[in-house]
Amino acid sequence: MTVKRRDFINLSAIAAATGIVSGISSCTSNGQTKEKRSATDDLQSMTGDVIPITVKEREARIEKGQRLLTEQKIEALILDAGTSMEYFTGISWWPSERPMVAIIPAKGDTRYVCPGFEESRLRELIKIGKDVYAWQEDESPYKQIAVALKDAGIQSGNIGIEERLRFFILDGVRKEASHLNYASGDPITMPCRMIKSIAELALMQKASDITVAAIKVGISQLHEGITQAELSSIIAEAHEKLGSASPFALALFGESSAFPHGSIKPQTLKKGDIVLMDCGCTVENYSSDITRTIVFGAEPTNRQLEIWNLEQRSQAAGFNAAKIGTACEAVDAAARKVITDAGFGPGYKLPGLPHRTGHGIGMDVHEWGNMVKGNKQILQPGMCFSVEPTISIPGEFGVRLEDCAYITDHGPKWFSQPAKSISEPFA
């Protein structure tokens with residue numbers, strides 16, 4: 001973005017329209033100067049109208065999971081503490097060395113296995129199911145998991161293991177219940193989590209709106225000499241003040257922007273530098289992910305403008321290829337073709353696009369549904385993904401424009417509107 005005096009005035013107008021006030025020094029009536037205010041001091045939460053996922057919706061998720069278990073001839077699904085457990089049960093639990101798992105049988109109620117001293121706390125959190133199998137510190141948690149499976153009427157057959165269940169838990173269960181077969185739980189968790197409900201989409205939209213506002217705050221605070229870490233901190237703090245959680249804010253200046261995830265070399269901002277900001281947050285544990293690339297303090301060079309415009313065309317091509325019934329890999333192919341036709345690459349070679357064009361997104365920032373060559377997964381209504389075809393030019397700079405989209409019954413729709421131009425990062 002060309003950030004000259006008139007641009008800071010324009011950005012201030014944008015900030016005011018969204019309730020964002022830049023940090024300035026103010027004076028009292030007697031001429032005394034107050035302490036300088038932070039750019040985030042006057043930010044207000046944007047989450048007052050947020051509606052959390054209901055127990056009824058989680059029960060519907062379990063019903064769908066049980067239908068898939070029956071179709072796949074899997075007797076039960078074992079969930080480790082983490083995203084999938086929270087998705088189905090609403091329980092957020094730290095995955096410590098002491099196993100705590102949820103078991104969803106193809107028929108019957110959800111069951112839990114947890115450390116004995118945590119049983120009371122777990123029971124406070126349970127909204128779905130009621131049976132808890134507690135194990136004491138001198139007992140085997142894996143025996144309790146085997147008992148829970150037996151009590152669910154499972155004597156033989158396949159047990160689904162969700163992708164993030166840790167090996168030591170699987171290994172322990174296999175030894176205690178060696179008569180059962182263990183298979184990937186992806187055929188259950190992936191179709192459930194990949195297709196978002198209206199309630200999930202609303203939470204992701206809110207997270208996206210907050211990230212847009214937070215990046216605007218960051219842009220309004222750019223000045224010569226600011227470090228990448230300082231800009232990251234401003235944007236992360238803005239996310240929190242606006243009501244979101246788990247903020248991340250990658251800020252890259254100049255040559256370091258050619259590294260998609262940054263360089264260890266410290267950078268301070270200079271006029272004419274590329275500024276790349278890759279940011280996101282969560283609202284009720286649903287994610288956003290947005291990247292903007294601008295130019296600071298000077299008119300963009302012809303080279304910067306050329307690459308930025310190429311990136312914009314590539315992102316648009318990827319989005320336009322996201323049609324119902326089309327494979328995910330078509331999004332990558334369309335976006336990549338724009339870049340390779342301009343003489344970059346080919347494939348993942350530099351200078352060019354060194355990574356997939358996009359990733360699935362939901363409760364985790366990176367989920368199933370990657371926009372990458374070889375992914376034959378068919379796009380369906382409810383699928384959510386990023387479109388972010390970075391152009392990396394080592395020794396010069398990089399440009400990434402990233403917005404997330406979701407598939408509706410009528411095709412793709414953006415969560416955040418793409419950048420209009422190198423001097424207009426938001427529509």
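The following legends describe close-up views of a predicted model.

**View A. Packing of helix α8 against helix α9.**
Helix α8, formed by residues 198-220, and helix α9, formed by residues 228-241, pack with their axes 8 Å apart and at an angle of about 140 degrees. The two helices are therefore oblique to each other, since angles over 145 degrees would count as roughly antiparallel. The crossing in which α8 passes α9 is right-handed. On the α8 side, the contact is made by Ile210, Thr211, Ala214, Ile215, Val217 and Gly218; on the α9 side, it is made by Leu231, Ile234, Ile235, Ala238 and His239. Eight residues of this contact are nonpolar and three are polar, and no charged residue takes part.

**View B. Helix α9 and its buried residues.**
The end C-alpha atoms of α9 lie 20 Å apart, which agrees with the 20 Å that its 14 residues should span at 1.5 Å a residue. Buried positions in α9 are Gln228, Leu231, Ser232, Ile234, Ile235, Ala236, Ala238 and His239. The buried residues of this helix pack against α8, β7 and β8. Glycine 243 follows α9 and has a positive phi, near 105 degrees.

**View C. The crossing of helices α5 and α6.**
Helix α5 comprises residues 141-151 and helix α6 residues 167-176; their axes come within 8 Å and cross at roughly 60 degrees. This crossing is right-handed. From α5, the residues Tyr142, Lys143, Ile145 and Ala146 meet Phe168, Ile169, Gly172, Val173 and Glu176 of α6. By class, the contact of α5 with α6 contains six nonpolar residues, one polar residue and two charged residues.

**View D. Aspartate 80 in strand β1.**
Aspartate 80 belongs to strand β1, which covers residues 74-80. With a relative accessible area of 0%, aspartate 80 is buried, as the cut-off for a buried residue is under 20%. When neighbours within four places in sequence are left aside, aspartate 80 is in contact with Met85, Met100, Val101, Glu162, Arg164, Leu165, Arg166 and Ile169. Among these partners, Ile169 is also one of the α6 residues that meet α5 in View C.

**View E. Alanine 258 and its contacts.**
Alanine 258 is located in the loop between β7 (245-253) and β8 (274-283). Its relative accessibility is 8%, so alanine 258 counts as buried. Alanine 258 and isoleucine 393 are separated by 135 residues in sequence, yet their C-alpha atoms are 5.5 Å apart in space. Apart from neighbours within four places in sequence, alanine 258 is in contact with Ser392, Ile393, Pro394, Phe397 and Gly398.

**View F. Lysine 107 in a loop.**
The loop between β2 (101-105) and β3 (111-115) holds lysine 107. This lysine has a relative accessible area of 70% and is therefore exposed, given that exposed residues are those over 50%. Lysine 107 and lysine 271 are 164 residues apart in sequence, and the distance between them in space is 64 Å, C-alpha to C-alpha.

**View G. Helix α10.**
Helix α10 has 19 residues, 302-320, and reaches 27 Å from its first C-alpha to its last. This span is close to the 27 Å expected at 1.5 Å a residue. The buried residues of α10 are Gln304, Ile307, Trp308, Leu310, Glu311, Ser314, Gln315, Gly318 and Phe319.

Key
Residues are numbered from 1 along each chain as its sequence is written. This is a predicted model: local features need pLDDT of at least 70, side-chain atom pairs count only at pLDDT 80 or more; totals for chains, interfaces and linings use all residues. Side-chain values use heavy atoms; hydrogens and water are left out. Helices (H or I, at least four residues) and strands (E, at least two) are DSSP runs, numbered from the N terminus. The expected span of a helix is 1.5 Å times one less than its number of residues. Buried means under 20% relative accessible area, exposed over 50%, partly exposed in between (1.4 Å probe, protein chains only). Axes are lines fitted to C-alpha atoms, for helices over the stretch in contact, and angles run from 0 to 180 degrees between N-to-C directions. Angles under 35 degrees count as roughly parallel, over 145 as roughly antiparallel, 65 to 115 as roughly perpendicular and the rest as oblique. A crossing is left-handed if the near helix is turned anticlockwise from the far one by less than a right angle, and right-handed if clockwise. Contact means heavy atoms within 4.5 Å. Ala, Val, Leu, Ile, Met, Phe, Trp, Tyr, Cys and Pro count as nonpolar, Asp, Glu, Lys and Arg as charged, and the others, Gly among them, as polar.
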